[in-house]
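Work through the exercises below with the sequence and the model at hand. Each task is followed by a solution in steps.

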Amino acid sequence: MEGIPHPIPRTVEEVFSDFKGRRNGLIKALTSDVEKFYQQCDPEKENLCLYGLPNEAWEVNLPVEEVPPELPEPALGINFARDGMQEKDWLSLVAVHSDSWLLAVAFYFGARFGFGKNERKRLFQMINDLPTIFEVVTGTVKQPKDQPGTHNNSSKSKSSGKSRQSESQTKGVKMSPPPKEEDHESGGEEEEEDDEQGATCGACGDNYGADEFWICCDVCERWFHGKCVKITPAKAEHIKQYKCPGCSSKRARV
């Protein structure tokens with residue numbers, strides 16, 4: 001697979017640097033070098049894998065022969081599907097598998113060198129700040145919702161049960177009745193801020209973060225990270241009454 005040995009990353013920063021190098025190599029293969037990559041993935045050849053290297057290079061090669069391998073292996077046989085689907089769909093499929101492989105390699109190093117909970121969390125946050133290869137290849141890269149446009153969304157976030165995005169934004173309240181929202185905000189803003197500091201996500205258990213989008217279930221009144229329940233600020237604008245996954249499943253069973 002990798003003919004030239006590379007230094008083994010041992011810290012969070014080193015693992016992240018290794019991740020970025022491999023990621024950049026894979027992005028090159030699927031974008032600027034796509035013609036070369038396409039030609040190398042001949043369906044007539046044996047099972048081939050796409051490898052991203054720490055030095056931002058890439059290669060299409062046979063899987064390693066040693067079992068178990070020194071590192072997690074990428075998806076096997078990507079060349080066999082090349083001519084059986086549209087090129088853009090094939091590239092998207094390879095991109096998804098490449099994203100999965102990158103995470104596997106990064107957290108393999110984390111496990112190998114004994115990363116604790118905080119180190120693993122920090123590594124994931126660093127990785128999660130980057131667009132995925134799939135997003136880059138398909139052109140669906142989304143700008144973070146808590147960046148420059150955050151304040152423009154403050155009034156809109158009220159329409160989806162309760163939602164929060166930053167301390168500077170208007171606090172989210174229930175939809176009943178709208179005229180009372182202003183009084184509620186002016187009279188209980190300090191109390192609500194205190195509540196936010198101790199709030200935890202009903203899905204992951206992490207504490208409230210002022211720079212994150214949150215939404216409140218209108219049934220159980222628990223707060224959730226938008227990312228944990230797969231709700232974006234844009235999607236929240238169209239939800240009249242939000243029910244968390246737990247409350248939705250309870251209602252379905254009844």
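**Exercise 1: helix 1 and helix 3**

Helix 1 and helix 3 are roughly antiparallel to each other; angles over 145 degrees count as such, under 35 as roughly parallel, 65 to 115 as roughly perpendicular and the rest as oblique. The model is predicted, so local features need pLDDT of at least 70 and side-chain atom pairs count only at pLDDT 80 or more, while totals for chains, interfaces and linings use all residues. Residues are numbered from 1 along each chain as its sequence is written, and side-chain values use heavy atoms, with hydrogens and water left out.

Task: Find the angle at which helix 1 and helix 3 pack, and the residues that meet.

Solution. Step one is to locate helix 1 at residues 12-30 and helix 3 at residues 87-112. Helices (H or I, at least four residues) and strands (E, at least two) are DSSP runs, numbered from the N terminus. Step two is the geometry: the angle is about 165 degrees, and the axes are 10 Å apart. Axes are lines fitted to C-alpha atoms, for helices over the stretch in contact, and angles run from 0 to 180 degrees between N-to-C directions. Step three is the contact (heavy atoms within 4.5 Å). On the helix 1 side the residues include Val-15, Phe-19 and Leu-26, and on the helix 3 side they include Leu-91, Trp-101 and Phe-109. By class, this contact has 13 nonpolar, one polar and three charged residues. Ala, Val, Leu, Ile, Met, Phe, Trp, Tyr, Cys and Pro count as nonpolar, Asp, Glu, Lys and Arg as charged, and the others, Gly among them, as polar.

**Exercise 2: helix 4**

Task: State how helix 4 is oriented to helix 1 and to helix 3.

Solution. Helix 4 covers residues 117-128, and helix 1 packs with it at about 30 degrees, with axes 10 Å apart. Helix 1 and helix 4 are therefore roughly parallel. Val-12, Glu-13, Val-15, Phe-16 and Phe-19 in helix 1 meet Glu-119, Arg-122, Leu-123, Met-126 and Ile-127 in helix 4. That contact divides into seven nonpolar, no polar and three charged residues.

Next, helix 3 and helix 4 pack at about 150 degrees, with axes 11 Å apart. This pair is therefore roughly antiparallel. Leu-103, Ala-106 and Phe-107 in helix 3 meet Arg-120, Leu-123, Phe-124 and Ile-127 in helix 4. Here the classes are six nonpolar, no polar and one charged.

**Exercise 3: aromatic rings**

Task: Classify the pair formed by the rings of Tyr-51 and Trp-101.

Solution. The structure holds six aromatic pairs. Rings of Phe, Tyr and Trp (its six-membered ring) pair if their centres lie within 6.5 Å; planes under 30 degrees apart count as stacked, over 60 as edge-to-face and the rest as tilted. The centres of Tyr-51 and Trp-101 are 6.2 Å apart and the planes are at 85 degrees, so the pair is edge-to-face. Tyr-51 is in strand 1 (residues 49-52) and Trp-101 in helix 3, 50 residues apart. Both residues are buried; buried means under 20% relative accessible area, exposed over 50%, partly exposed in between (1.4 Å probe, protein chains only).

**Exercise 4: two single residues**

Task: Is His-225 buried or exposed, and where does Gln-40 lie?

Solution. His-225 lies in strand 5 (residues 223-225). At 2% relative accessibility, His-225 is buried. Gln-40 is found in helix 2 (residues 34-40) and is partly exposed at 26%.
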